[in-house]
Amino acid sequence: MNAQDTPAKPTHDLQLEIAHILLIDVVGYSKLLVNEEIKFLQELNQIVRSSECFRAAETTGKLIRVPAGDGMALLFFHSPEEPVRCALEISKALQDHPHIRVRMGVHSGPVNRVKDVNDKTNMAGAGINVAQRVLDCGDAGHILLSAHIAEDLAQYRHWQPYLHNLGECEVKHGLRLHLFNLHKDGLGNPQVPKKLRRRRWKQRAAPVRPVSPPWSPKFLLTVALVVSAVALAISVSIFLRRGSPNIARVPAKGSVAVSIPEKSIAVLPFENRSEEKANAYFADGIQEEILMRLSKIADLKVISRTSTQHYKSAPENLPEIARQLGVAHILQGSVQKSGDAVRVNVQLIKAANDSHLWADTFDRKLTDIFSVESEVAKAVADQLRAKLTGQEEEVLAARPTDNVEAYDAYLRGLAYTLKTDNTPANSLGAQKYFREAVRLDPKFALSWALLSYIDARGYLTESLQPTFALREEARQTAETALTLQPNLGEAVLAKGQYHYACLKDYDTAVRYFEQARQFLPNSSRIPYSLALVARRRGLWDRSESYFNEAERLDPRNVSLLTQRAISYIALRRFPEALRKLDQVLNIAPDDVDTLAQKATIAQAQGDLPGASALLAPLRPAADDTQALEAQVYQAILERRPTPMIPRLKEILAKPDPALGYINGRLRFWLGWAQEVSGNRAAAQVTWRQARSELESFLKEQPENYSLIGILALTNAGLGDKAAALALSERAMATLRIERDAIVGPVPIEILARVAAQVGEPGRAIAALQKLLSIPCAGPLPENVPLTPALLRLDPMFDPLRNDPRFEKLAASLPSKAANK
């Protein structure tokens, strides 16, 4: 690597980035023969390039490789976990190449791109310099971390056992680095580095803290000779990825202190002071519009609304709320709308001492409401001393539409998107008003973008019926938004969501998500979306890394936390899933779907009393299908389904049209409950009606694997073996496990259940063997994989009970299918 110790000549517009850096060098390289040097480096390069982390980062264009004479530097830009996971992968691969002895150093810090003497792009900066110092302290096999990156990892329980505090080591220019040694499962070198043993540095028992170099005269003199005061100030100011050199240290409960950047803010829900309570949507919309503008300022850390919406408008415990959200400032406000007149009150509060930094009242007509949103966002940015680019100034001043009626419809649609539950009613409400907004103003790009996003999300989650017409609307609306406003982050994100949700075109989706980052620097939706893509690709570790990034931006987003729990459930890591679900319940106590999800985990573990205790108090509505199905399944597993039959009949007597084919799915459950209760004749009548209802949706939803699967089970119940097997195979052809690692196995479970019912035990056993060995989200109930305990309890597998192969599967221990 060229000029590692000498930063590029500073300029007034020096472009610095935060990189997560992995340095690797071959120990004893200078003692090797020339042909050995070439051979070793070629082998090392091949090992590095073959690692999953390397390939994943390179695929997304978020990796920079810098060669060195005796090794290399890899610069990642997503997460501090990336270089550490990559180091462990390389360390494992090197076990098969014992003749190559390497050491590795990891650090996060500022870097900048420079041109070397050959006019090639190279990297320099404080981040690389510190990473080199970390590396220099190690011996063969070591993976050493700076305290800064160790602090980031220590926030996650799964890393904590592998971080070993080495204390401080003095390195070049008198800098004292606090180091940690990473080793786990035979990877890395558990020995204290010779440099630390020789100098007998005292190992401190203090918690993980960022590097804090002493400002000795000798050090300052050296720095002065190396880099100008301007570059030094910039490097120090963002050394810890903060927007300001002023960093608040707030103690986290029961853990180490955490750093909160001064340029950070959360916007609490605005109070609706209108006489008409129906105007609550307007207050929500004004808050969201101000938040949207602030979140597009890269120099600020802005917490998403999904993490703030569960708080009151004017809570008393602001310092505690700020600590929970990881911010230094809180913006509160109220909105009063009367006719075409609007009054907006806002106040900016420094959370540490609950002091008011700024407040103002704005009286405007509806036609001038955009000026309020812009003025508030600009005032907050000024108070927090955020540096604005020209593009960001344009965003703050933007008027998304000049049509007041279109904007009112947009705010009404936006209010539906801000609701926690992704129900058909909320999706249809948002869709209705966004369509109205673009009808009133066909040039309203933001409304086109959000309409596309809602369509694509509904297509994937089935909160909207996944028809070809819906998919086509998602495509057209995204393209319209991008045509109208190519640099609109929401439009770019919507296009990525369309490719992900509707087409399963993951490569294209990732390109759009990454492109959206530059326009939406504080959006948790981007790493969240990338986590979901990685999960469907079967990149479970990478998905978890993206989830970590999303949680840092959006720590109290219940949808995000729930999806992470679903990942753990699919991996059969049930204790971790339960911890995430408990986090959700801390934010949204008594949430029906979350309690039902916990109950399904208890069912999967064979704990029917525990599941019953969670499910018995619940009274789910018809559109709470997850909770409702969990209750029916519980009754079926207990072999006492009779009490659930009247409830299902009551719901199906007046089916909700918004549920579409889900009504037919509920009728299948009714038939199954009747069958297990011993009323086979009633079950046959119910299943025939269910088949008729389900088939009516198949023409418009030919790729809906859930619909096809439940129709296959219905035909199996009716004894139509040929139709049931044909539909099972159709579902498997529609959704292949190679294209979707989490729900791709669902058709395999459908086949196993159908085969068990229609007298094909060999096919059923083969499918079950496959299912128990891989991560998956099962169909009955949703999101829960089959386990040996469920095989023992589920009556659908009764025909297999005397088969020794089945008995062996049902008696086996739960499989930990993670990362397979």
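Keep in mind that the model is predicted. The protein chain has 35 helices and 16 strands, and of its 820 residues, 58% count as buried. Looking at contacts with a separation of 6 or more, 65% come from residues 24 or more positions apart.

**Helices α22 and α23**

- Start with α22 (residues 558-570) and α23 (residues 574-587): their axes come within 8 Å and cross at roughly 165 degrees.
- That angle is over 145 degrees, so α22 counts as roughly antiparallel to α23.
- The crossing of this pair is left-handed.
- On the α22 side, the contact is made by Val 558, Leu 561, Thr 562, Arg 564, Ala 565, Tyr 568 and Ile 569.
- Facing them from α23 are Phe 574, Glu 576, Ala 577, Lys 580, Leu 581, Gln 583, Val 584 and Ile 587.
- Sorted by class, the contact of α22 with α23 has ten nonpolar, two polar and three charged residues.

- Leaving aside residues up to four places away in sequence, Arg 564 touches Glu 544, Phe 547, Asn 548, Glu 551 and Lys 580.
- One of those, Lys 580, belongs to the α23 side of the helix contact described above.

**Helices α20 and α21**

- Next up are α20 (residues 525-536) and α21 (residues 540-553), with axes that come within 8 Å and cross at roughly 165 degrees.
- These two helices are therefore roughly antiparallel to each other.
- Here, too, we have a left-handed crossing, with α20 passing α21.
- From α20, the residues making the contact are Pro 527, Tyr 528, Leu 530, Ala 531, Leu 532, Ala 534 and Arg 535.
- α21 brings Trp 540, Arg 542, Ser 543, Tyr 546, Phe 547, Glu 549, Ala 550 and Leu 553.
- By class, the contact of α20 with α21 has eleven nonpolar, one polar and three charged residues.
- Phe 547, part of the α21 side here, is also among the residues that Arg 564 touches.

**Arg 85 in α3**

- Arg 85 lies in helix α3 and counts as buried at 12% relative accessibility.
- Setting aside residues up to four places away in sequence, Arg 85 touches Cys 53, His 158, Trp 159, Asp 541 and Glu 544.

- Most residues other than glycine have a negative phi.
- Lys 504 has a positive phi, near 55 degrees.
- You'll find Lys 504 in the loop between α18 (489-501) and α19 (506-517), where it is buried with a relative accessible area of 17%.
- Arg 572 also has a positive phi, near 60 degrees.
- Arg 572 is found in the loop between α22 and α23, and it counts as buried at 3% relative accessibility.

- Ile 100 is in the loop between α3 (81-93) and β4 (102-115), and at 4% relative accessibility it counts as buried.
- Ile 100 and Val 26 are 74 residues apart in sequence, yet their C-alpha atoms are 7.1 Å apart in space.
- Contacts of Ile 100, not counting residues up to four places away in sequence, are with Phe 40, Glu 43, Leu 44 and Leu 94.
- Gly 138 has its place in the loop between α4 (126-136) and β6 (143-146), and this glycine is buried, with a relative accessible area of 5%.
- Between the C-alpha atoms of Gly 138 and Met 104 there are 7.4 Å, with the two residues 34 apart along the chain.
- Gly 138 touches Arg 103, Leu 144 and Pro 193, again not counting residues up to four places away in sequence.

Notes: Residues are numbered from 1 along each chain as its sequence is written. This is a predicted model: local features need pLDDT of at least 70, side-chain atom pairs count only at pLDDT 80 or more; totals for chains, interfaces and linings use all residues. Side-chain values use heavy atoms; hydrogens and water are left out. Contact means heavy atoms within 4.5 Å. Axes are lines fitted to C-alpha atoms, for helices over the stretch in contact, and angles run from 0 to 180 degrees between N-to-C directions. Helices (H or I, at least four residues) and strands (E, at least two) are DSSP runs, numbered from the N terminus. Angles under 35 degrees count as roughly parallel, over 145 as roughly antiparallel, 65 to 115 as roughly perpendicular and the rest as oblique. A crossing is left-handed if the near helix is turned anticlockwise from the far one by less than a right angle, and right-handed if clockwise. Ala, Val, Leu, Ile, Met, Phe, Trp, Tyr, Cys and Pro count as nonpolar, Asp, Glu, Lys and Arg as charged, and the others, Gly among them, as polar. Buried means under 20% relative accessible area, exposed over 50%, partly exposed in between (1.4 Å probe, protein chains only).
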